[in-house]
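Morning, everyone. Please have the sequence and the structure open. We will talk about side chains that meet.

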Amino acid sequence: MKYLHEYRDPEAAKKLQHAIRQITTRTWTIMEVCGGQTHSIVKYGIDELLPPEIELVHGPGCPVCVTPLEQIDRAIEIASHPEVIFCSFGDMLRVPGSQTDLFAVKAAGGDVRIVYSPLDCLRIAEQNSSRVVVFFAVGFETTAPANAMAVFQAKQRGIRNFGVLVSHVLVPPAMRAILSSPNNRVQGFLGAGHVCTIMGYEEYDPLSEEFGVPIVVTGFEPLDLLDGVYRCVRMLEEGRIGVENQYSRVVRREGNAAALELLSEVFEVCDRKWRGIGTIPQSGYRLAPEYAEYDAEKRFAIADLEVLESSDCISGLILQGIRKPHQCPAFGKTCTPDMPLGATMVSSEGACAAYFHYGRYRQLAGAEAT
């Protein structure tokens with residue numbers, strides 16, 4: 001396949017739909033890990049094409065969604081300093097902290113800027129030598145190399161008025177936490193294709209072996225997802241475990257060697273708190289000691305900040321695949337994209353935002369009423 005429309009071919013989709021129905025004899029619960037996959041599933045109605053025995057549940061694959069409340073408040077605290085130019089990707093500005101968000105800081109006069117690459121921050125720092133430029137480094141393994149490169153270049157070029165607020169999280173430890181939970185329902189995974197372009201998928205082999213689950217690294221287009229479901233169901237029905245690579249046009253088992261080398265140079269693995277879930281051991285990145293001078297948490301002495309989550313938001317249960325967005329009492333009522341209670345509603349990759357944006361909650365409400 002060379003062109004986008006080929007990945008959305010209705011006739012090919014029907015063939016995959018039929019193939020899935022042909023092999024399904026039992027009930028299975030499969031989790032798609034990535035928020036981009038969730039949006040494609042809801043947008044194209046992939047889950048509605050599947051036989052009723054197969055349920056797709058949504059995992060913690062939205063980096064904005066899993067950024068803890070404390071980290072948002074740290075970002076707001078740093079951005080409020082008059083000497084700071086705070087830079088971020090746009091999707092973080094509307095994520096609510098415990099009291100406000102970064103847009104409110106900007107509206108109040110804070111110098112909060114949207115950038116399209118962390119490397120843009122180095123240019124801003126060089127142009128504003130009397131101020132401190134801080135980049136909000138959020139994301140999974142996918143965005144970590146670019147953020148690592150910004151820190152690496154800052155050190156190489158002697159740019160001292162630059163720092164990063166690191167909130168990077170890692171996918172395999174989150175999958176382990178889900179599988180280890182007493183409330184776990186997941187029997188197979190659609191792995192996050194973009195993450196695996198960087199990390200490869202060797203890390204998934206121990207997970208599959210330990211927990212006896214199939215994992216299929218999957219892309220994001222309708223045919224990718226249907227093929228991923230087909231492969232996963234086939235493995236479940238045959239009682240096989242292991243890792244398959246549906247996204248072979250992009251992903252290699254060993255990952256991206258240059259990116260991995262850079263990550264090991266700039267970052268080290270650490271425990272990391274996930275919003276709505278809690279602390280997952282060895283599930284995040286922090287700056288290595290050699291790059292500690294670029295750590296904004298240390299520079300502004302805000303590492304010990306602790307806040308409480310809203311009891312009205314069940315995003316943690318949604319991110320673990322235990323509940324779905326429309327099962328939240330606040331969904332579409334007191335929690336909407338205009339007035340979000342949690343990041344799963346405000347993020348462009350959040351499951352709640354997907355259900356709201358594509359009208360799924362109205363369909364489900366109608367079905368429940370009848």
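This is a predicted model: local features need pLDDT of at least 70, side-chain atom pairs count only at pLDDT 80 or more; totals for chains, interfaces and linings use all residues.

Let's start with charge. Side chains of opposite charge can pair when their charged atoms come close. How many salt bridges does a search of the whole structure find? It finds 19.

Take D111 and R131. They form a salt bridge, and their closest N and O atoms are 2.9 Å apart. Now look at where they sit. D111 is in strand β4, residues 111-114. R131 is in the loop between α7 and β5. The two residues are 20 apart in the chain, so this pair links distant parts of it.

Next, E244 and R231. Their side chains meet in a salt bridge at 3.5 Å, N to O. E244 belongs to strand β9, and R231 to helix α12. Here the separation is 13 residues. Are these two buried or exposed? E244 has 15% relative accessibility, so it counts as buried, the cut-off being under 20%. R231 has a relative accessible area of 22%, so R231 is partly exposed.

Now E238 and R240. In this salt bridge the closest N and O atoms are 2.7 Å apart. E238 is partly exposed at 48%. R240 is partly exposed too, at 31%. And there is a bigger picture. Which residues do shared partners join into one network? They are D227, R231, R234, E238, R240 and E244.

On to the rings. The whole structure holds 7 aromatic pairs. One of them is F89 with F135, and it is edge-to-face. The centres are 5.4 Å apart, with 80° between the planes. F89 is in the loop between β3 and α6, while F135 is in strand β5. That is 46 residues apart. F89 is partly exposed at 23%. F135 is buried, at 1% relative accessibility.

Another pair is F331 with F356. Their ring centres are 6.3 Å apart and their planes lie at 75°, so this pair is edge-to-face. F331 lies in the loop between α15 and α16, and F356 in helix α17, so the pair ties together parts 25 residues apart in sequence. F331 is buried at 6%. F356 is partly exposed at 21%.

Last one. What sits over the ring of Y291? The charged end of K155 does, 4.6 Å from the ring centre.

How values were computed:
Residues are numbered from 1 along each chain as its sequence is written. Side-chain values use heavy atoms; hydrogens and water are left out. A salt bridge is a side-chain nitrogen of Lys or Arg within 4 Å of a carboxyl oxygen of Asp or Glu. Helices (H or I, at least four residues) and strands (E, at least two) are DSSP runs, numbered from the N terminus. Buried means under 20% relative accessible area, exposed over 50%, partly exposed in between (1.4 Å probe, protein chains only). Rings of Phe, Tyr and Trp (its six-membered ring) pair if their centres lie within 6.5 Å; planes under 30 degrees apart count as stacked, over 60 as edge-to-face and the rest as tilted. A charge sits over a ring if NZ of Lys or CZ of Arg is within 6 Å of the ring centre and within 35 degrees of the ring normal.
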